[in-house]
Amino acid sequence: MTVLTHYRTCNLCEAMCGLEISVDGSKIIKIEGDKNDPFSRGHICPKAVALKDIYEDNNRLKFPVKRTIHGWQQISWEEAFTEVISKIKYIQAKYGNNAIGMYQGNPSIHNLGTSMNSPAFAKALRTKNLFSATSADQLPHHFAAWQMFGHPMLMPIPDIDHTDYMLIIGGNPIASNGSIMSVPDVANRLKAIQKRGGKVIVIDPRFTETAAKADEHHFIRPGTDAFLLLAMINTLFAENLIALGILAEFTDGIEILRELSQPFAPEKVEKQTGISASTIRQLAYDFTKAKAAVCYGRVGVSVQVFGSIAQWLINAINVLTGNLDREGGAMFTAPAVDFLARAKAENKFNRWQSRVRKLPEFLGELPVATLAEEILTEGEGQIKAMITSCGNPVLSTPNGVQVDKALEQLEFMVAIDIYINETTRHAHIILPPATGLEVSHYDMTFHVLAVRNTAKYSEALFTKAEGAKYDWEIYQELAHRLNNSSDTPFTAEPPELKLDMGLQFGPYSLSLKQLKDNPHGIDLGALKPCLPQRLLTLDKRINIAPDLLVKDIDRLCRYLDDDALQNGFDYLLIGRRHLRDNNSWMHNAERLVKGRNRCTLMIHSADAKKLNLDSQSIVKVSSRVGAVELPIEITDHMMQGVVSMPHGYGHARKGVKLDIAAKYAGVSINDLTDEYILDELTGNAAFNNVAVRIERVG
Ligand SMILES: Nc1nc2c(c(=O)[nH]1)N[C@H]1C(S)=C(S)[C@@H](COP(=O)(O)OP(=O)(O)OC[C@H]3O[C@@H](n4cnc5c(=O)[nH]c(N)nc54)[C@H](O)[C@@H]3O)O[C@H]1N2
Ligand SMILES: Nc1nc2c(c(=O)[nH]1)N[C@H]1C(S)=C(S)[C@@H](COP(=O)(O)OP(=O)(O)OC[C@H]3O[C@@H](n4cnc5c(=O)[nH]c(N)nc54)[C@H](O)[C@@H]3O)O[C@H]1N2
Ligand code: SF4
Ligand SMILES: [Mo]
């Protein structure tokens, strides 16, 4: 036996953990954390080992397949490309360019070849109907960053390794390993805050795994974070705690913020938020008392009806207290490939609207909450064909049942994906790229969002299956065939060429060779202050009170004395993540799904009692759009009146070819979530504000 050791970055979540993989030929002996990775320092989570399962998974596709009346049949790449392109061209000629829709999912950003090449393909479609998981996730972060700092990717990242006070709102990094905060080994990094005398505070409707490690946890009613944040800002002004420091020299709009926070004294928001006025005041004091503090909000505050206001106010608190761009506060990265260096301020919002509901475009995309109706509603501009890439909108987007129905009636659908799942089963053709251990890797995006500047390139461990294609080959070929006549010669270009250039032009003048010579990665140091130079606003100033966001406060005010959030139902449903899940697509790895059923409805014991439920009960949960049945889990870790279930389950649909996931099918939370419950300003899905009824079954 000749055992070789391979080093690479795990591409499954945002944490970028370094892996040490021992292989004997094509056999993986073990996958461990790479202790010499300067960023992750040996940390991994259980999902990393599942890279082996994905590599070996018999359900994973390696060659194009076509859906026929006799089932799925393998076809050649040439036949697949020819048919896909001729169908796209036919449909665009018949109905117009907008008759093609495209949805791109989360792994797009976790794959070098896809992240660098799918945009050109999407552009070649010349359609306004582009969608992605962004509008089911972090869109409010981009919106607030663009409005305040001039660019959607200029998002401040918590300097977790140097802060003394970390206020975490709507994030559960112990389970998720951090997001818009690439932070491997987060548990130890949080513990280090406490060891140096600092504090970690969690605001969440559930007492989460992160809350369990924190110094304080406060329950909050889902969707009401904007009230809490305004009351904190109100306190900062009322108690003379505003201290911008050097930021004062280039920040505008302070007086507007003072005025608009006036009606939101802590006492005024107690009922809505469920947090006492004294606690809110204390949070504001403690935040300003700390040597360096950071307020960080993640998906729990993003996917709610006031997601954009909340992300804006989180940034605002960091600015008002002088904690933006300060060591231990919220900082900006200096990545080795710096695509922001040449970026400029431009309008990227509401340049067009969706056809049916007139939802606004942002960053060239429309909100995914409108996808199904754009397919189902007849008339000029109706979507007749779809391309999905790295995405599973049937399980991941609001009112998944309707998305399912919509995809079923398309004239044509192509999926660029590695599995036949809830979404791709509707495709006529699936184009599967090589993935995981078969591809090289560099995190274009997550180095921009990391708590420390590092750079790392990973070579492919295994060669792809013979005759298989890389993602960059697929996207480039598709784009080429759309843009050129069939006799124009073409060879695909590996992403390494552009990566090498990006590194050389970057702030550290690195090269691909240097990264190859350093397989554990290169440490480029802690985050450093960079304002006002780094700002991308036209006037190089921070706008702490952007008009669009200020105007949206009127909408918020309508909820102040009102129970509109409950929509007449008794319970609010929120989501949750578990360390062993990865959105919808990793339930086909036995080692991650075995054991206790995780697809349960968590409910507080007092609520269970009210509903006459015991620990063995199955409940029917219904919302405006649908109903599901699932077992409950009684726990006082839930806020009363709030229930939680994970997303990404619901694999029992007909035609799904995921043998292991089928045994742990569960039900989909997005059969309950509502495509009309949105952050109305941006159209982002508000998964966490779905009101539901709960009944005992049997
Ligand atoms: N209710 C509720 N819904 C949610 C959320 C929530 O918290 N609550 N979270 C939202 C969030 S944050 C997100 S990001 C979205 C995710 O939404 P999606 O991105 O739509 O869903 P995923 O489950 O990540 O699906 C990934 C797809 O990519 C495929 N895939 C995996 N690897 C590769 C690859 O290398 N190449 C290709 N081509 N395909 C690959 C998988 O087979 C799968 O089909 O879900 C959102 N939905
Ligand atoms: N293991 C694992 N890791 C993942 C993923 C995964 O599916 N599994 N998905 C990846 C993806 S795509 C993303 S975007 C990230 C997300 O990373 P996180 O944002 O850390 O994800 P969650 O664990 O969903 O944490 C959201 C928290 O918000 C809380 N919450 C819900 N509603 C509200 C509210 O109205 N207000 C407040 N204050 N809190 C609320 C929830 O209870 C939950 O604890 O995780 C990534 N990492
Ligand atoms: S935390 Fe994320 S990056 Fe690290 S091993 Fe787990 S899945 Fe991979
Ligand atoms: Mo996400």
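1. The shell around ligand 1 consists of 12 nonpolar, 12 polar and 3 charged residues. Here Ala, Val, Leu, Ile, Met, Phe, Trp, Tyr, Cys and Pro count as nonpolar, Asp, Glu, Lys and Arg as charged, and the others, Gly among them, as polar.

2. This is a predicted model, in which local features need pLDDT of at least 70 and side-chain atom pairs count only at pLDDT 80 or more, while totals for chains, interfaces and linings use all residues. Residues are numbered from 1 along each chain as its sequence is written, chains are lettered from A and ligands numbered from 1 in the order in which they are written, and side-chain values use heavy atoms, with hydrogens and water left out.

3. Among the 27 residues around ligand 1, those that come nearest are Tyr103, Asn106, Asp417, Thr435 and Ser584. A residue is counted as near if one of its heavy atoms lies within 4 Å of the molecule.

4. Thr435 also places a side-chain N or O atom 2.6 Å from an oxygen atom of ligand 1. The backbone takes part as well: an N or O atom of Asn392 lies 2.9 Å from an oxygen atom of the ligand, and one of Cys390 lies 3.3 Å from such an atom. The protein buries 98% of the 930 Å² that ligand 1 exposes when taken alone (Shrake-Rupley method, 1.4 Å probe).

5. Around ligand 3 the residues include Cys10, Cys13, Cys17 and Cys45, together with Lys47 and Asn177. This shell divides into 9 nonpolar, 1 polar and 1 charged.

Conventions: A polar contact is a pair of N or O atoms within 3.5 Å; within protein, one must be able to donate a hydrogen and the other to accept it, and residues adjacent in sequence count only if both atoms are side-chain atoms.
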